[in-house]
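Let's take a walk through a protein model, one piece at a time. Have a look at it first.

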Amino acid sequence: MNNTVTIVTGGAQGIGRAISELIAQKGGDIAIFDVIDGSEAKASILSKGRRCEFYKVDVSDLQAVQNAVDSVVKDLGRVDNLVNNAGITIDKLLVRMKEEDWDSVIRINLKSVFNCTKSVIRHMLKTGGSIVNISSIAGVMGNPGQANYAASKAGIIGFTKSIAREYAERAIRVNAIAPGFIRTKMTDSLDEKTKELTLAAVPLKRLGEPEDIANAVYFLLSRYGSYITGEVINVNGGLHM
Ligand code: NAD
């Protein structure tokens with residue numbers, strides 16, 4: 001990862017922040033795209049002796065993403081890797097799900113992956129690159145109350161495989177990770193009963209940590225993953241196998 005530049009969407013907190021920190025620890029520079037303040041994450045990466053820029057950008061807005069990617073190239077000189085990690089949940093049973101609940105989740109979780117990938121790919125065409133998309137166990141198995149979220153995360157898998165096939169000859173690898181239940185702000189809001197039931201179903205008998213996902217992302221981005229493309233790796237403690 002030495003001296004590479006990696007864009008991490010949703011990198012200000014949670015899984016995205018753990019990914020950014022690990023890549024920085026391994027010698028890479030980071031560009032964080034997020035809608036919340038990323039100054040703390042940025043300061044932490046700078047303290048590791050790596051370069052880091054934070055861009056306040058809504059990844060569901062194509063023009064804003066294109067502008068931010070141009071700024072990354074201007075500020076950090078290149079783009080080698082992209083981690084499409086930003087995402088939200090608006091969980092409701094279908095009968096209660098409003099059109100805007102569907103549209104927002106698809107826009108922020110899935111259209112953002114199109115926006116960011118389209119914007120970086122032209123910078124990778126000559127140099128090669130690596131892209132990791134954060135899907136979900138919900139996109140693989142489905143989950144009641146998450147039809148919008150599961151559809152967005154399943155969509156990411158189809159997108160990943162298509163773009164992997166499209167750009168393999170340009171030495172651009174595209175993979176996905178499907179995390180299980182990971183302890184972040186996203187899962188904090190779930191009720192205790194849901195957390196208990198989930199934990200009981202995990203063969204490894206613990207919830208995942210953001211670092212568990214960061215390790216898998218690093219593996220795929222780095223030379224260790226150099227012969228892997230179009231793959232979806234489940235990182236879920238055995239919850240789905
Ligand atoms: P999180 O809520 O802690 O972090 C998500 C980040 O995305 C936040 O920093 C948020 O500000 C950012 N974000 C949201 N909307 C954005 C937008 N429009 N533009 C830019 N940034 C935006 O959640 P997390 O648990 O760290 O989730 C990270 C990813 O992992 C998500 O895609 C999520 O769906 C996926 N995931 C999480 C779990 C889990 O158990 N936590 C499981 C499977 C998949």
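What do the buried residues of α2 pack against? They pack against α1, β2 (29–34) and β3 (52–56). Before going further, a word on the model: it is predicted, so local features need pLDDT of at least 70 and side-chain atom pairs count only at pLDDT 80 or more, while totals for chains, interfaces and linings use all residues. Residues are numbered from 1 along each chain as its sequence is written, and side-chain values use heavy atoms, with hydrogens and water left out.

Back to helix α2 (residues 39–46): its A41, S44 and I45 are buried, where buried means under 20% relative accessible area (1.4 Å probe, protein chains only). These residues sit on the same side of α2, because they cover an arc of only 95 degrees around the axis. An α-helix has 3.6 residues a turn, so residues three or four places apart point the same way.

Now find helix α1 (residues 14–25) and helix α9 (residues 210–221), which pack at an angle of about 50 degrees with their axes 8 Å apart. On the α1 side, G14, I15, A18, I19, L22 and I23 meet α9 residues including P210, I213 and Y218; contact means heavy atoms within 4.5 Å. By class, this contact of α1 with α9 has 11 nonpolar, two polar and one charged residues.

Finally, look at N85, in the loop between β4 (81–84) and α4 (99–124). N85 counts as buried because its relative accessibility is 11%. Among the residues N85 touches are I15 and I19, which also take part in the meeting of α1 with α9.

Methods. Axes fitted to C-alpha atoms, helices over the stretch in contact; angles between N-to-C directions. Helix = DSSP H or I, 4+ residues; strand = E, 2+ residues; numbered from the N terminus. Nonpolar A, V, L, I, M, F, W, Y, C, P; charged D, E, K, R; others polar. Buried < 20%, exposed > 50% of the residue type's maximum accessible area, 1.4 Å probe, protein only. Arc of directions from axis to C-beta.
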